[in-house]
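Subject: Structure handover and findings

Dear colleague,

Please find below the structure that I am handing over to you. My findings follow it, grouped by region.

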Amino acid sequence: MAAAEPGARKRRPKGHFAAAGRAKRPRGGGGGGRQLEAGMRGILITCNMNERKCVGEAYSLLGEYGDLLYGPEQFSDHEERLSGSDREEDEDDVEAALKKEVGQIRASTEQKLRRFQSVESGANNVVFIRTQGIEPENLVHHILKDMHTTKKKKTRVILRMLPISGTCKAFMEDMKKYTETFFEPWFKAPNKGTFQIVYKARNNSHMSREEVIKELAGIVGSLNPENKVDLNNPEYTVVVEIIKTVCCLSVVRDYVLFRKYNLQEVVKSNKEDTQQNPSSLTEEQNSKVVKPETEEEKSSKEVKQENKNQGEIEAEPKGNDALTV
């Protein structure tokens with residue numbers, strides 16, 4: 001048996017090159033070939049390790065409520081023709097038909113404005129759904145309001161769903177210039193409200209959290225001095241999500257009530273919700289205890305006995321309150 005030549009190349013396993021190609025697949029957004037960039041509007045969604053399933057859940061949930069609020073999505077006649085007439089080409093002219101179809105798809109890219117379209121977000125476990133022809137804030141708020149009311153869980157892998165009303169380049173000067181007009185519908189006089197700013201940066205190290213919050217808060221204050229910061233329960237929450245060199249912005253309502261727009265948390269029964277309006281139950285319980293003692297107090301003729309009864313009245317509701325908490 002002849003010995004192997006010294007310069008001979010070793011054969012690599014059949015799947016080596018395929019595996020190498022898969023290793024550098026872009027992450028974040030579930031595919032689609034397009035990337036998040038300044039000028040887009042949409043919905044930023046976080047998930048836990050399963051972006052593809054997250055995109056599927058997002059399409060299903062947004063499609064359900066989108067049809068409910070805006071009616072069924074309408075497609076152009078040109079798009080319908082692409083799926084119909086071109087398939088009738090003769091087999092002998094397959095190559096020409098294929099080139100024609102590819103050309104038509106490219107030409108109709110701008111015309112084919114789907115209501116929801118997934119794009120590459122630029123970060124792991126983050127999906128960005130670009131929207132067309134709808135208001136992201138109204139749609140997401142409607143979804144969360146319905147889930148908060150019904151307590152019906154509709155997703156498994158989606159965590160937070162944040163509307164993104166505007167995007168700009170993630171540089172301080174660009175953000176300041178953009179937000180001076182972006183904030184006007186909510187904060188420019190005569191409009192006003194209490195607010196807080198929440199900040200998150202991914203794959204970005206050149207922005208300072210403190211500087212961003214300070215500058216944006218200053219812009220809100222300059223639009224109307226009556227705008228005040230409230231970190232406990234503000235009317236508006238300014239959401240700042242930075243991914244690489246893109247700054248995503250929105251101003252949302254009920255951020256605290258809807259558990260930071262977390263779809264898993266908003267459907268849970270919350271003790272704070274019952275504690276916000278416990279007065280009807282505690283008043284009934286207290287009245288049952290207090291009424292007999294007030295009758296005794298009226299029938300008592302001695303001052304010391306009245307004081308003693310009064311002390312019992314004050315003490316017993318405290319015990320009931322402790323039981324109802």
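Leu-68, Leu-69 and Tyr-70 make a nonpolar surface patch of about 280 Å². A patch here joins residues with over 30% relative accessible area and no salt bridge, with like charges joined within 9 Å and nonpolar side chains (Val, Leu, Ile, Met, Phe, Trp, Tyr) within 5 Å. Accessible areas come from the Shrake-Rupley method with a 1.4 Å probe, and for residues only the protein chains shown count as cover. Leu-68 belongs to helix α2, residues 51-70; helices (H or I, at least four residues) and strands (E, at least two) are DSSP runs numbered from the N terminus. Leu-68 counts as exposed because its relative accessibility is 60%, where buried means under 20% relative accessible area, exposed over 50%, and partly exposed in between (1.4 Å probe, protein chains only).

Please note that this is a predicted model, in which local features need pLDDT of at least 70 and side-chain atom pairs count only at pLDDT 80 or more, while totals for chains, interfaces and linings use all residues. Residues are numbered from 1 along each chain as its sequence is written, and side-chain values use heavy atoms, with hydrogens and water left out.

Strands and sheet

An open sheet of five strands runs in the order β5-β9-β8-β6-β7, with mixed pairing. Its edge strands are β5 (166-169) and β7 (228-229), each of which pairs on one side only. Two strands are taken to pair if DSSP finds at least two bridges between them. β5 and β9 pair in the antiparallel sense over four bridges, and Cys-168 has Cys-247 in β9 as its bridge partner.

Strands β2 (residues 116-119) and β3 (residues 126-131) also pair in the antiparallel sense, over four bridges. There, Gln-117 has Arg-130 in β3 as its bridge partner. Six residues lie between the strands of this hairpin, and Gly-122 takes a positive phi near 95°.

Tyr-199 counts as buried because its relative accessible area is 12%. Leaving aside neighbours within four places in sequence, Tyr-199 is in contact (heavy atoms within 4.5 Å) with Met-207, Ser-208, Arg-209, Val-212, Ile-213, Val-240 and Ile-242. The C-alpha atoms of Tyr-199 and Glu-241 are separated by 6.1 Å, although these residues are 42 apart along the chain.

The loop between β9 and α9

Asn-262 is found in the loop between β9 (246-252) and α9 (271-276), and Gln-264 has its place in the loop between β9 and α9 as well. Asn-262 is classed as buried because its relative accessibility is 15%; Gln-264 is buried, with a relative accessible area of 14%. A polar atom of the Asn-262 side chain lies 2.8 Å from the backbone nitrogen of Gln-264.

The side chain of Gln-264 makes a polar contact with that of Thr-155, at 3.2 Å. A polar contact is a pair of N or O atoms within 3.5 Å; within protein, one must be able to donate a hydrogen and the other to accept it, and residues adjacent in sequence count only if both atoms are side-chain atoms. Not counting residues up to four places away in sequence, Asn-262 touches Leu-159 and Arg-160, while Gln-264 touches Lys-153, Thr-155, Arg-156, Ile-158 and Leu-159.

Backbone geometry

The peptide bond from Ala-189 to Pro-190 is cis, with omega near 10°, and Pro-190 lies in the loop between α7 (184-187) and β6 (194-202). Asn-203, although not a glycine, has a positive phi of about 50°; its place is in the loop between β6 and α8 (209-223). Lys-244 is likewise not a glycine and has a positive phi of about 55°, in the loop between β8 (236-243) and β9.

Salt bridges

The count comes to 10 salt bridges, each defined as a side-chain nitrogen of Lys or Arg within 4 Å of a carboxyl oxygen of Asp or Glu. Lys-192 forms one with Glu-226, the closest N and O atoms being 2.7 Å apart. This pair links distant parts of the chain, 34 residues apart: Lys-192 is in the loop between α7 and β6, and Glu-226 in the loop between α8 and β7. Lys-176 and Glu-173 meet in a salt bridge at 3.9 Å, N to O, and both lie in helix α6 (residues 172-182), three residues apart. Glu-64, Asp-146 and Lys-154 are linked in a network of salt bridges.

Yours sincerely
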